[in-house]
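Hello,

Here is the structure I promised to hand over. Please have a look at it before reading on.

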Amino acid sequence: MPSAANERPDSCRVLLLTIAILVQDVNGDYQEFRDFLDGVSESSYMTEVCGRKLGLALQKCNLVVRGMSNVQVAST
């Protein structure tokens with residue numbers, strides 16, 4: 001039984017697959033990140049922090065991201 005109001009019972013929990021990865025930045029150095037693996041995702045994203053750490057040129061892009069049942073995901 002959950003101990004707090006926002007916890008779910010064990011039967012409702014989902015294990016998300018994550019891995020530690022090394023990604024080469026613009027200077028040829030390797031940076032370590034955690035990655036979320038989703039075998040059915042149709043798109044891939046990275047955070048602004050990740051892009052900056054890699055030394056990538058960033059550009060603003062406005063788009064709508066939708067999840068299961070076509071629910072729009074909040075953006076910042």
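Below is what was found, from the whole chain down to single residues.

Please note that this is a predicted model.

Overall layout first. The chain has two strands and one helix. Starting at the N terminus, the order is β-β-α. The chain counts 76 residues, and 8% of them are buried. Its accessible surface comes to about 7300 Å². Carbon and sulfur atoms account for 53% of that area. As for contacts between residues at least 6 apart in sequence, 12% link residues at least 24 apart.

Now the strands. β1 covers residues 18-24, and β2 covers residues 30-36. The two run antiparallel, joined by seven bridges. One example sits at T18: its bridge partner in β2 is F36. Together, β1 and β2 make a hairpin. Five residues lie between the two strands. In the turn, look for G28, which has a positive phi of about 90°.

Next, the surface. Which residues form a nonpolar patch there? They are V26, M46, L56 and L58. Together they have about 370 Å² of accessible area.

Is L58 buried, partly exposed or exposed? Its relative accessibility is 43%. Buried means under 20% and exposed means over 50%. L58 falls in between, so it counts as partly exposed.

That is the handover. Over to you.

Best wishes

Conventions:
Residues are numbered from 1 along each chain as its sequence is written. This is a predicted model: local features need pLDDT of at least 70, side-chain atom pairs count only at pLDDT 80 or more; totals for chains, interfaces and linings use all residues. Side-chain values use heavy atoms; hydrogens and water are left out. Helices (H or I, at least four residues) and strands (E, at least two) are DSSP runs, numbered from the N terminus. Buried means under 20% relative accessible area, exposed over 50%, partly exposed in between (1.4 Å probe, protein chains only). Contact means heavy atoms within 4.5 Å. Accessible areas come from the Shrake-Rupley method with a 1.4 Å probe; for residues, only the protein chains shown count as cover. Two strands pair if DSSP finds at least two bridges between them. Patches are made of residues with over 30% relative accessible area and no salt bridge: like charges are joined within 9 Å, nonpolar side chains (Val, Leu, Ile, Met, Phe, Trp, Tyr) within 5 Å. A salt bridge is a side-chain nitrogen of Lys or Arg within 4 Å of a carboxyl oxygen of Asp or Glu.
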